Structures are given as C-alpha cells and as structure tokens.
Amino acid sequence: MDFQSIYTWIPSGGRPLVIAGPCSAESETQVMQTAHALKEIPRVKVFRAGIWKPRTRPGSFEGVGIAGLSWLMRVKKETGLLTTVEVANPQHVEQALAHGIDILWIGARTVVNPFSVQELAESLSGVDIPVMVKNPLNPDIALWIGAIERFYKNGITKLAAIHRGFYQFEKTSYRNPPQWEIPIELKRRLPGIPVLCDPSHIGGRRNTILPISQQALDLEVDGLMIETHPEPDKAWSDAAQQITPESLKEILDALVIRETSGNLEFERNLEELRHEVDLIDYELIRLLARRMGIAEEMGRYKYAHNITILQLQRWKELFADRIKKGSKAGLDIKFLAALLQLVHEQSIQIQTNVMSGDKEEIKE
Ligand code: PEP
Ligand code: MN
C-alpha cells in the first residue's frame with residue numbers, strides 16, 4: 001500500500017498534528033465554545049466531536065445525531081478548523097458527507113467487525129475523503145491492518161491509523177493499555193502510514209495525557225487526538241479523561257519534540273519484552289492469590305480435623321522438591337529458597353488466621 005503523508009491532506013505547522021474537541025457534541029453552545037477556544041492554539045488543525053456515540057450499555061447518552069452535524073458546519077465556517085466525526089454505518093457516512101465533514105474516523109468498536117468495515121469502505125467508493133482507522137478493541141494487529149486494507153481497496157488513499165490502546169481484562173492503571181509494540185509493528189508492516197495517538201482513551205484520566213503523549217511522540221507518531229471540553233467534569237461522556245482547551249495548550253507547550261531516531265526495531269523489541277513482563281507479573285499475582293486461597297482452605301480442613309498447621313516433614317519435602325525443580329530450570333538457588341520461605345511463611349500466617357478467627361467465632 002502506498003500512503004500519503006498526513007501533512008499532504010491536513011495542512012499543518014508541523015509535527016505533531018493535533019486533533020481536539022469533545023468526546024461528544026452535546027449542544028451548539030458547548031461545541032462552539034470549545035471550537036473557538038481551540039482555534040487559538042496553533043497546533044490544533046482539526047476539530048473532533050462524536051455525534052453518534054457507541055456506548056457499552058443501552059440507556060447512556062448515545063449522541064445528538066444529525067443535529068450535531070450542522071454545529072460542525074458552523075465550526076468550520078467560523079474557525080477554519082477542519083472537522084471530523086466517527087462513522088459506524090453507511091447512513092452516518094452519507095449524512096457526514098452531506099454536511100461537508102472533512103475527515104471520517106472509524107471507532108474501535110466498529111473496527112472489530114469486518115462486515116461493518118467492508119460496508120463502510122464500499123459506501124466510500126469513489127469518495128476522496130480522508131479516513132482514520134482506530135485500532136480494534138482487542139490487540140489484533142491483523143484486524144487493524146485488514147480494516148485499513150478494506151478502505152485502501154475501495155480507493156481511499158488518504159488513510160491514517162489512530163492508536164487508542166487495547167482492552168485488557170486485568171485491571172491496570174490505564175483505561176486501555178497502550179501495548180506500544182503493536183503500533184510500532186503497524187508502522188513496520190505498513191511503511192509510510194501516518195499514525196496518531198489518542199492518549200485520552202489510553203489513559204482514561206486527565207493526568208496521564210501528557211506522559212502518554214510524550215511517549216507517543218518519542219515513538220514517532222505524527223499526531224495526537226485529545227478530548228477537550230469546556231467543563232470536563234460536566235461532560236456527558238468520558239468526563240474523567242477530558243481536559244479544557246487551556247490545559248490542552250499547557251500540555252502541548254510542555255511536550256518535547258525530539259528528532260525522530262528511526263530506530264523502530266529497537267523500540268518494538270523493547271516494548272514487546274516489557275509487555276511480556278507485565279503479563280507474567282499479572283499471572284504470578286493471580287497464581288499467588290490462588291495458592292493463598294488454597295492455604296486458607298487447608299487451614300480450615302486441618303482445623304476441622306484437629307491437625308497442627310505446620311507439618312515439618314511435608315515442608316521439608318516440598319522445599320527440597322522445589323529447589324531441585326528450580327535449579328533445573330536455571331533459577332538461582334538462594335533466590336528461590338528465599339522466595340519459597342516467604343510464600344511458606346505467608347501460607348502459615350493465613351492458616352493461623354483461619355484458626356484464631358474460627359476460635360473467635362466459637363467464643364462469641
Ligand atoms: C471516541 O473517540 O470518542 C471513541 C468512542 O473512541 P474509541 O472508538 O477509541 O473508543
Ligand atoms: Mn470518548
């Protein structure tokens with residue numbers, strides 16, 4: 001695939017290009033107030049607003065719909081900012097095009113579905129509008145590339161990818177952990193594709209927008225998409241992550257724009273290893289919690305059968321067995337012995353708690 005530089009289709013004062021605006025268009029006043037404030041920030045070239053909102057559960061605010069499109073026409077006319085909205089089906093595309101929207105983006109929940117993506121791509125055949133494709137919710141790079149290909153095959157040449165992080169079942173400090181190795185790999189597999197980062201949906205919090213944006217820039221993204229609202233706390237969607245235009249300006253001023261190193265291979269490998277370490281740690285935590293749960297159960301069982309907690313012979317055998325296995329696996333014996341001792345002590349502690357807890361109950 002042959003990609004155009006993002007700066008050929010979005011006139012920009014340079015890297016990074018910034019797209020900003022509310023998660024959702026809520027009212028004409030909110031939209032106009034945000035847009036006029038953003039116009040004063042030179043790096044902001046494109047105004048975003050969700051008109052049709054994909055919500056996890058029914059009953060939440062699902063967007064103002066077509067009414068919002070005329071507010072965006074007003075934004076364009078009064079501020080000169082380009083406009084972009086999320087489209088999820090051919091009707092959205094038709095309405096967005098009829099209202100002169102400049103750029104379309106495809107949301108993470110739509111990109112997971114090749115039927116939807118194909119329909120969208122076909123509805124754009126012969127239309128020369130830029131399309132930005134967010135990563136799918138799940139960390140599946142082939143699905144992301146597949147979506148980009150579907151648009152490309154239908155004649156869309158002005159394409160960009162937006163990295164917005166990936167759903168992960170384990171609770172982390174991110175709303176959608178970035179798994180940076182994936183966007184880096186995307187750049188390696190699709191040379192020349194413009195990539196933007198959406199730190200708002202990755203972090204899910206105001207105070208992580210700056211560090212995530214900085215990391216994205218250091219990994220050589222072309223631009224940022226940042227949710228901006230005049231009164232973030234009152235936002236009808238994604239309130240915790242939206243920032244005021246004033247904070248956006250402060251964040252953009254604080255960003256350090258470094259020369260690009262071109263060493264993507266190194267970054268990708270490092271990020272892959274970091275991600276692997278994260279997953280292993282989560283697994284260790286899960287296993288330790290399970291082991292302690294079993295220790296508790298054993299405590300109850302021993303108590304019910306009037307057996308002492310510490311059974312020295314069993315511990316000696318277990319210890320010797322684990323040291324033997326660990327040493328075969330190449331682990332340092334001293335480290336493993338200390339770890340086993342710590343786990344054993346905690347396990348005894350839990351069983352002791354069970355017994356004294358039960359005694360308390362009996363006393364009452
Ligand atoms: C959005 O940009 O407001 C949005 C819904 O994003 P995503 O598709 O990344 O969740
Ligand atoms: Mn949002």
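Q: What makes an atom a donor of a metal?
A: Donors are N, O and S atoms within 2.8 Å of the metal. Water is not among the atoms, so a site may look incomplete.

Q: How do you know which atoms coordinate the manganese ion (ligand 2)?
A: In this predicted model, the ion is coordinated by SG of Cys 23, NE2 of His 201, OE of Glu 227 and OD of Asp 238, at 2.1 to 2.4 Å. The cut-off is 2.8 Å, so these atoms count as donors. Along the chain their spacing reads C-x177-H-x25-E-x10-D.

Q: What makes His 201 and Glu 227 a link between distant parts of the chain?
A: His 201 lies in helix α9 (residues 199-203), while Glu 227 belongs to strand β8 (residues 223-227), and the two are 26 residues apart. Both are buried, which means that each has under 20% relative accessible area.

Q: Which side-chain and backbone atoms make polar contacts with ligand 1, and how do you know?
A: The limit for a polar contact is a pair of N or O atoms within 3.5 Å. An oxygen atom of ligand 1 is 2.8 Å from an N or O atom in the Arg 48 side chain, and an oxygen of the ligand is 2.9 Å from a polar backbone atom of Ala 108. For the side chain of His 201 the distance is 3.4 Å. Taken alone, ligand 1 exposes 290 Å², and the protein buries 97% of that.

Q: What makes up the shell around ligand 1, by class?
A: The shell has seven charged, three nonpolar and two polar residues. Among the residues surrounding the ligand are Arg 48, Lys 53, Trp 105 and Gly 107. Cys 23, His 201 and Glu 227 also belong to this shell, and they are among the residues that coordinate the manganese ion.

Q: Why is Gln 214 called buried?
A: Its relative accessible area is 14%, and buried means under 20%, so Gln 214 qualifies. The residue is found in helix α10 (residues 209-218). Its side chain reaches the backbone nitrogen of Val 256 at 2.8 Å. Beyond four places in sequence, Gln 214 touches Ala 254, Leu 255, Val 256 and Arg 258.

Q: Why does Ile 251 count as buried?
A: Ile 251 has 11% relative accessibility against a limit of 20%, so the term applies. Ile 251 sits in helix α11 (residues 245-254). Leaving aside neighbours within four places in sequence, Ile 251 is in contact with Ile 209, Leu 210 and Ile 243.

Technical notes: Residues are numbered from 1 along each chain as its sequence is written. Chains are lettered from A and ligands numbered from 1 in the order in which they are written. This is a predicted model: local features need pLDDT of at least 70, side-chain atom pairs count only at pLDDT 80 or more; totals for chains, interfaces and linings use all residues. Side-chain values use heavy atoms; hydrogens and water are left out. Donors are N, O and S atoms within 2.8 Å of the metal (3.2 Å for Na, K and Ca); water is not among the atoms, so sites may look incomplete. Helices (H or I, at least four residues) and strands (E, at least two) are DSSP runs, numbered from the N terminus. Buried means under 20% relative accessible area, exposed over 50%, partly exposed in between (1.4 Å probe, protein chains only). A residue is near a molecule or strand if one of its heavy atoms lies within 4 Å of it. A polar contact is a pair of N or O atoms within 3.5 Å; within protein, one must be able to donate a hydrogen and the other to accept it, and residues adjacent in sequence count only if both atoms are side-chain atoms. Accessible areas come from the Shrake-Rupley method with a 1.4 Å probe; for residues, only the protein chains shown count as cover. Ala, Val, Leu, Ile, Met, Phe, Trp, Tyr, Cys and Pro count as nonpolar, Asp, Glu, Lys and Arg as charged, and the others, Gly among them, as polar. Contact means heavy atoms within 4.5 Å.
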